[in-house]
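I opened this notebook to keep track of what I looked up, one entry at a time, for someone meeting the structure without any background.

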Amino acid sequence: MIRLEKVSKDFFIGGEKTRVIDGINLHVDKKEIFGLVGETGSGKSTILRMMNGFIEPDEGSIYLMGKLLNSDTRHELVKETSMIFQGFNLLGNLNVIENILLPTRLRKGNQRENIGKARELLSFVGLSEFEEAYIRTLSGGQKQRVAIARTLITNPRIIFCDEPTSALDEKMSYEILRLLKDINERFETTIVMVSHDIGVIKSVCSRVAVMEDGRISELISLTPKGIEPVSYKEAFLSG
Amino acid sequence: MVERYIETFNRFRSPLVQSLWETFDMMLASMAAALVIGLVLGFIMFMTGAGGIYKNRAVYFMTSGFVNITRSIPFILFIIVMIPVNRMILGTGFGVDASKIPLSLIGVSLFARFTEQDLLDVNKNIFETSYAMGASTLQYFTHFLLREARSSLVLSFTSTTVSLLSYSTVMGIIGGGGLGYLAISEGYYNFNYELMWIIIILMVLIVHGIQTAGNNIAKKLDKR
C-alpha cells in the first residue's frame, strides 16, 4: 500500500544543513495498522508528512497504492488518503456537520448524499446530537471524533494519524483508539500512526518501526494487546 | 445656546447635505477599491512573505514597499504629489472624482496590511489540513483562510473605513469638498464655531455607526 525506497530528507536547522531522514526503506501493507515511534526529533512526523506528499523527499522514492508520489501525482493521490492531527485542526467558524462535509465541498459530488453520509458518520462516532454545535463547545475527545468523521467522509484508503491521542486523557484516548480499530476492521482502511506513547502503539498496531536519528533502528511485529478503557480509579487500584 | 445651533443647522442644511453626499461619494469609491485591491494585495503579501507558501522576496518587497510608502507620506502631501497622476487618469487634478484616487490608494494600503496581519493570525496548521483534504491553492484561500479570518477581516475593514472618513476631511485641498472641508472653510475660517461643532458631532455619530455595525457583523461571523 505504501512503499518507501531509500528516502532521505535534509532540513536547514540553525542555518546548518541537517539530515533528518536518512535512507529509509519501508513498506506498509494493505489493511495494516502500522506504528511509527521514536523520541522527539527522531523524524517520525516528517516521515508521515512525506508519505502523504506534504513534504517532498530530497532523495529516494515513495509509492502510494502502487503509484509514484511526486509533484504531478501528489494532489490526486492525497485525495485517496486522509489525516488525523494531534491538534484536531477543525475550523472554528464551521459547525460540526460543516466540518465533516468540508472535504466533500472540495470535490464534485452529490451534496444531498454527502449530508446523509455525514449524519451516518456522526452516528458512528457517537455525536449525532452535536450536529449543529460549534467546535469551541466540544471537549477534546469530541473534537477528535469530529476530525475522525471528517476523515472518513471521503472513504480514504489510507489514514495517517499524527499523535491522535496525545492531547486527550487516558479514557478518551482509548475511545479514539477503539474507533480507529473499528474503522480499520469495518472499512479495511490502512492506518499509519505516529505516537510517542508506547501503550497506544502496542494496543492497536500489528507492526512498529522504531525511529532514531532519522533512521529505522528496529522493525518489530506485534500482537495487538487490545483496547481496554481504563478509569483513573481502575488504573491505580488494579495493581 | 441650543437655539443658535438649531438656527445654524437650519441655515446650513443644504450645504451640509451636499457635503455629506460628497463625503459618501469619496468614501464609497475608496472603500470598494480598498476591499477588492487591498484584499488581493494582502493575500499576495501573505503568500510571498516569510513563511508564505509562495515565498518570493522580490514580489513581497514591491508590494510591501508600496504599502509602506503610501502610508508613510503625510497624507496632505500625498494628495499634492498625486495631482499629476489624477490629471493623467482623469484629465483633471481637482474635484471630487480626483479626490477618490489618493483616498483609494491609502485605503488599499491600509486594508492590504491589515489583511496580511489577519491572515498571519490564522492557525498555521490550516494549510497542511487543507492539503491533506485535497484542496487546491484557490480552495485553501476560499474554504479555509477566508473562513477562519472573516471576523478579523470585517473588523479590519471597519477600521479602514473609519480611517478613510478621517482622511476624507482634508480632500478640500484639491476641491474634494466633503464634511471636513465645510467644517474648516465655513466653520473655522469664518468663525462659525457652531457649524464646526455640528459637523464634528455628525462625524462622531457616523464613526460610531460604522464601528457598531462592524463590531456586530464580526461578532455574528465569529464562531471560534
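Entry one. In this predicted model I began with A:Ala149 and listed its contacts, leaving out residues up to four places away in sequence, and I found that A:Ala149 touches A:Ile100, A:Leu121, A:Leu122 and A:Val125. I then looked up the largest nonpolar core, which has 114 residues, and noted that A:Ala149 and A:Ile100 are among those with the most contacts inside it, together with A:Leu36, A:Cys161, A:Val192 and A:Met193. When I asked which element supplies the largest share of this core, I found that it is helix 6 of chain B, residues 96-120, with 11 residues.

Entry two. I turned to chain B as a whole and recorded that it has 10 helices and zero strands, so that I could write its elements from the N terminus on as α-α-α-α-α-α-α-α-α-α. The C-alpha trace of chain B spans about 70 × 40 × 25 Å along its principal axes, and of its 224 residues 39% count as buried. I also looked at contacts in chain B between residues at least 6 apart in sequence, and 70% of these join residues at least 24 apart.

Next I looked up where the chains meet, and the contact takes 17 residues from chain B and 21 residues from chain A. On the side of chain B that touches chain A, the elements giving two or more residues are helix 7 (126-132) and helix 8 (137-168) of chain B, and helix 8 gives the most, with six residues. Sorted by class, that side of chain B has six nonpolar, five polar and six charged residues.

Entry four. What does A:Phe54 touch, not counting residues up to four places away in sequence? I found A:Arg49 in chain A, and B:Glu128 and B:Tyr131 in chain B.

Is A:Phe54 buried, exposed or partly exposed? I wrote down partly exposed, because A:Phe54 has 17 other C-beta atoms within 10 Å, whereas a buried residue needs 20 or more and an exposed one has 12 or fewer. Last, I compared its position with that of A:Leu122, one of the residues that A:Ala149 touches, and noted that A:Phe54 and A:Leu122 are 68 residues apart in sequence and 28 Å apart in space, C-alpha to C-alpha.

Definitions and conventions:
Residues numbered from 1 in each chain as written. Chains lettered and ligands numbered in written order. Predicted model: local features only at pLDDT ≥ 70, side-chain atom pairs only at ≥ 80, totals over all residues. Core = buried A, V, L, I, M, F, W, Y, C linked by C-beta atoms within 7 Å. Helix = DSSP H or I, 4+ residues; strand = E, 2+ residues; numbered from the N terminus. Contact = placed C-beta atoms within 7 Å. Nonpolar A, V, L, I, M, F, W, Y, C, P; charged D, E, K, R; others polar.
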